[in-house]
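Biologist: I have a new model on my screen. Please show me how to read it, one feature at a time.

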Amino acid sequence: MTDTSPDLTDNQKLAADIREAMVILAKVIRKFGDEPWPLMERFQRELKALEDREALLDTLLDERPDNASKRSN
């Protein structure tokens, strides 16, 4: 089940949903064959794009955990 914690951003929630879908799709591929493999590749691209967006926002807004502790001191 997807983590719907209120601490997660919309992008993080979507990334968790995509990961969950990828696990289900992996089971389908193992059981029935490689026919849906292009969908797995699409999920990978979408997940990478979401993760890259989150990383960029964190960098630009200086919200990385190591910097947050430096600012509070």
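Modeller: We will go from the overall fold to the core, the surface and the charged pairs.

Modeller: First, the ground rules. This is a predicted model, in which local features need pLDDT of at least 70, side-chain atom pairs count only at pLDDT 80 or more, and totals for chains, interfaces and linings use all residues. Residues are numbered from 1 along each chain as its sequence is written, and side-chain values use heavy atoms, with hydrogens and water left out.

Biologist: How many helices and strands are there in the chain?

Modeller: Helices (H or I, at least four residues) and strands (E, at least two) are DSSP runs, numbered from the N terminus. Here the chain has three helices and zero strands. From the N terminus on, the order is α-α-α.

Biologist: What span should helix 2 have?

Modeller: The expected span of a helix is 1.5 Å times one less than its number of residues. Helix 2 covers residues 37-60. Its 24 residues should span 34 Å, and its end C-alpha atoms are 35 Å apart, which agrees.

Biologist: What follows helix 2?

Modeller: D62 follows helix 2, and its phi is positive, near 55°.

Biologist: What share of the chain is buried?

Modeller: Buried means under 20% relative accessible area, exposed means over 50%, and partly exposed lies in between (1.4 Å probe, protein chains only). Buried residues are 18% of the 73 residues in the chain.

Biologist: Which residues of helix 2 are buried?

Modeller: They are M40, F43, L47, L50 and E54. The buried residues of helix 2 pack against helix 1, residues 10-32.

Biologist: Which residues make up the largest nonpolar core?

Modeller: A nonpolar core is a set of buried Ala, Val, Leu, Ile, Met, Phe, Trp, Tyr and Cys residues joined through side-chain atoms within 4.5 Å. The largest one has nine residues: A15, I18, M22, L25, I29, M40, F43, L47 and L50. Helix 1 and helix 2 each supply at least two residues of this core. Helix 1 gives the most, with five residues.

Biologist: Take F43. What is it in contact with, leaving aside its neighbours within four places in sequence?

Modeller: Contact means heavy atoms within 4.5 Å. With those neighbours left aside, F43 is in contact with I18, A21, M22 and L25. For the chain, take contacts between residues at least 6 apart in sequence: 39% of them join residues at least 24 apart.

Biologist: Now W37. Where is it found?

Modeller: W37 is in helix 2. Its relative accessible area is 37%, so W37 is partly exposed. A26 lies in helix 1. A26 is partly exposed too, with a relative accessible area of 32%. W37 and A26 are 11 residues apart in sequence and 8.8 Å apart in space, C-alpha to C-alpha.

Biologist: Which residues make a nonpolar surface patch?

Modeller: Patches are made of residues with over 30% relative accessible area and no salt bridge: like charges are joined within 9 Å, nonpolar side chains (Val, Leu, Ile, Met, Phe, Trp, Tyr) within 5 Å. L56, L57, L60 and L61 make a nonpolar patch of about 410 Å². L60 counts as exposed, at 62% relative accessibility.

Biologist: How many salt bridges does a search of the whole structure find?

Modeller: Side chains of opposite charge can pair when their charged atoms come close. A salt bridge is a side-chain nitrogen of Lys or Arg within 4 Å of a carboxyl oxygen of Asp or Glu. The search finds three. In one of them, the side chains of E51 and R19 meet at 2.7 Å, N to O. E51 lies in helix 2 and R19 in helix 1, so this pair ties together parts that are 32 residues apart in sequence.

Biologist: What about E46 and K48?

Modeller: E46 forms a salt bridge with R42, and the closest N and O atoms are 3.0 Å apart. E46 and R42 are four residues apart in helix 2, so about one helical turn separates them. K48 forms a salt bridge with D52, where the closest N and O atoms are 3.0 Å apart. K48 and D52 are likewise four residues apart in helix 2, separated by about one helical turn. K48 counts as partly exposed, at 49% relative accessibility.

Technical notes. Accessible areas come from the Shrake-Rupley method with a 1.4 Å probe; for residues, only the protein chains shown count as cover.
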